Amino acid sequence: MSERPPTTGTDLPPGPPPTAAAKLAFGERIAAASDSRRRFFAKWQQVPKPARWVIGILGLAFCYALPSLNLPVIPTTGTDFSSMLAGSVVIYVIVALGLNVVVGMAGLLDLGYVGFYAVGAYTVAVLSSQHGNLPWLICLPIAMLVSMLSGVLLGAPTLRLRGDYLAIVTLGFGEIIRLLAQRFDWLGATPGISNIPPPPNIGPIHFGVLDSKSFYWLGLTMVVIVYFFLSRLERSRVGRAWTAIREDEDAAELMGVPTFKFKLWAFAIGAGVGGMAGSLYATKTAFILPQNFELKLSILFLAAVVLGGPGNMPGVVIGAVVVAYLPERFRFLDTSRYFWFGVALVVMMIFRPQGLLPRRQHGRQVEPPSDDPPPFEDVREGDPDLEGGAHGTATA
Amino acid sequence: MDFNSFVNLFWPSTVNGLVLGSIYALIALGYTLVYGVLRLINFANSEVFMFSAFGSFFAIDMLGIPDRLSNGDDPYKTGFTLVGVLALCLVMSIIIGGASAVVLERVAYRPLRKRNAPRLVFLISAIGASFAMSEAVGEWGTKQRQDYALARVFKKRRLFSIFNADVRNDYVLVVIGSLIMMVILVLFVNRSKVGRGIRAVAQDMETARLMGVNVDRIILITFLVGGVMAGGAAFFFEIYNGSARYSLGFELGVKAFTAAVLGGIGNIKGALLGGLMLGVIENWGTSLFESNQKMGSVTAFVVLVLVLMLRPTGLLGESMGRSKA
């Protein structure tokens with residue numbers, strides 16, 4: 001189906017493949033890491049199901065109670081803790097979950113994800129403040145729908161592009177959305193849109209300017225819903241199709257997976273979730289500006305996904321929390337905190353190239369016999385084209 | 001849409017676009033070279049450019065030239081003094097560009113290559129390095145996040161006109177200088193022994209290694225050459241624009257990367273073509289939309305998408321390894 005770029009006659013991964021010794025070392029390290037994790041998961045599976053539920057619910061309850069607990073060390077010093085949780089951590093988590101569909105599951109590199117986030121935020125702002133006064137609860141699904149539509153509109157002409165070309169086109173899309181918002185008065189132009197109404201009160205939970213706890217709870221609830229929905233999707237036929245596309249698009253196509261259709265779905269669903277995060281952001285801050293949607297944000301979102309471990313939802317959540325939380329926690333470093341953030345990204349990538357919590361290889365793993373030479377599967381794990389996924393077939 | 005201004009400003013914006021475009025092309029070469037060899041977007045190339053933009057400032061500082069035209073004090077230089085000052089600026093920019101690119105490769109990429117990390121990881125590492133570099137300047141530079149203005153040693157004046165477009169002496173210097181750098185680069189890649197090594201590694205890294213090419217060294221040299229090109233671009237940008245700040249890399253880097261993709265990333269001639277086209281299209285877009293520079297970038301991106309739809313690997317395709325250049 002696709003026009004392949006002229007090959008340079010190589011099927012080898014980029015970067016010099018390591019020597020046999022290095023391969024062995026890497027394979028062993030991966031094997032050791034996945035071993036301990038496998039043991040952990042095996043133990044987890046042995047815990048009776050009701051107990052697992054109880055632990056899960058307790059963990060969730062802890063998350064809900066977090067802003068009220070007054071724990072030592074964790075709360076941010078420079079900013080209000082619950083406001084930080086509501087305004088950045090939960091939003092980053094939602095965004096990262098959405099971007100993970102595109103980057104982690106389907107393996108498409110998207111550098112302009114902020115565009116969808118902006119579409120969501122602007123849809124809410126336009127419908128509820130600038131040109132109408134619809135309540136937020138009605139705006140939310142509309143915003144998600146509009147974002148999905150924008151995902152399809154962007155994806156339909158561009159998803160036939162491979163790897164890095166897709167990256168630059170999406171990057172351009174993110175910029176275009178921001179620049180258009182900045183230019184058209186209808187979208188508030190440079191001064192932005194203010195007075196975006198809060199969500200309706202639910203019983204005793206009020207959503208005022210100072211009620212960041214309620215926004216945090218709302219956001220956390222959205223995280224739970226999105227997580228549930230996406231994890232079901234991941235295990236469905238759609239999720240398997242995405243995995244196939246990520247691992248080898250041509251093979252998937254040959255096996256009868258309609259790759260274009262599923263890539264478009266990945267884009268649309270990712271965009272919808274991004275739009276959802278954007279609408280939460282709009283209602284939380286009640287005021288949006290084009291500058292809030294700069295390219296830098298896309299990059300932070302991508303960093304969250306890759307840092308956590310693309311394709312693994314718990315990992316991505318952790319990555320998003322880290323990316324959102326660290327710069328706030330280290331606010332005492334003042335403006336230099338982004339410098340340290342950059343350094344931390346480089347260092348973390350060097351020491352945990354697979355992400356903080358890498359993707360598990362579901363059942364495909366052949367148990368490596370212990371004294372044999374490094375088995376094929378181990379080498380495979382370190383292979384950029386297979387593992388990185390994003391542009392596995394870009395050059396081959 | 002303002003067709004009147006587009007028609008009136010057609011030649012000035014074309015000329016300006018070509019000047020800016022040749023700067024884009026030089027930066028784009030940094031992306032293209034590294035991409036051709038490693039299949040990797042060297043996201044931090046833009047910060048290498050930003051760093052080396054300060055080379056001219058260091059050179060001017062070293063020579064103790066005052067930054068302003070204060071009473072009777074004339075910073076404008078002429079004749080050999082001017083050539084000497086400019087040459088020192090260029091050399092400083094190139095040294096900083098080359099050195100920072102090499103350090104970048106050592107710190108942010110080589111450890112990952114040793115571990116055979118997935119490709120996305122390289123991208124994030126590059127992004128981290130790019131953050132760190134620009135924030136370091138924004139944080140610890142003498143003027144922090146403000147604009148640095150370069151002392152005007154070079155008096156800009158109109159040389160001649162093409163239709164209704166003024167051509168200034170700095171335009172000529174920038175365009176000719178960039179062309180010379182590009183010709184040298186093409187000759188280097190096509191004719192020299194090291195250049196052959198670069199092409200070999202771009203074509204097939206493993207075979208090149210088996211044939212006795214020192215791949216790590218070639219990669220380091222590729223980064224070095226990309227950094228030198230960024231250094232040259234930074235010097236020309238300072239001649240043309242005369243100011244710099246910590247976020248400069250980000251602003252121009254995105255455009256240069258777009259230019260590289262437009263021409264066909266990994267293709268040296270593509271970078272040249274893409275850079276010039278992007279510069280011109282951007283300026284046309286700006287004049288078409290009431291001199292709104294933002295709309296210029298939008299136009300450029302729309303054109304990029306259209307080009308990629310018709311030619312999915314850019315105008316000239318990716319071909320550093322296969323063809324001659």
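Predicted model: local features only at pLDDT ≥ 70, side-chain atom pairs only at ≥ 80, totals over all residues.
Local features need pLDDT of at least 70 and side-chain atom pairs count only at pLDDT 80 or more, whereas totals for chains, interfaces and linings use all residues. Residues are numbered from 1 along each chain as its sequence is written, chains are lettered from A in the order in which they are written, and side-chain values use heavy atoms, without hydrogens or water.

An unreviewed UniProt entry places the feature "transmembrane region" at several stretches of chain B, including residues 20-41 and 171-189; such annotations may be inferred rather than shown by experiment. Residues 20-41 of chain B are 86% helix and 0% strand, with the end C-alpha atoms 22 Å apart. For residues 171-189 of chain B the values are 100% helix, 0% strand and 27 Å. Helices (H or I, at least four residues) and strands (E, at least two) are DSSP runs, numbered from the N terminus.

The contact (heavy atoms within 4.5 Å) takes 65 residues from chain B and 64 residues from chain A. The buried area, which is the accessible area (1.4 Å probe) lost on putting the two parts together, summed over both, is about 5,800 Å², and carbon and sulfur atoms give 72% of this area. B:R115, B:R119 and B:F131 supply 13% of the area that chain B buries against chain A, more than any other three residues.

Across the interface 1 salt bridge is found, the term meaning a side-chain nitrogen of Lys or Arg within 4 Å of a carboxyl oxygen of Asp or Glu. B:E135 forms a salt bridge with A:K296, with the closest N and O atoms 3.6 Å apart. On the side of chain B that touches chain A, α5(B) gives the most, with 15 residues.
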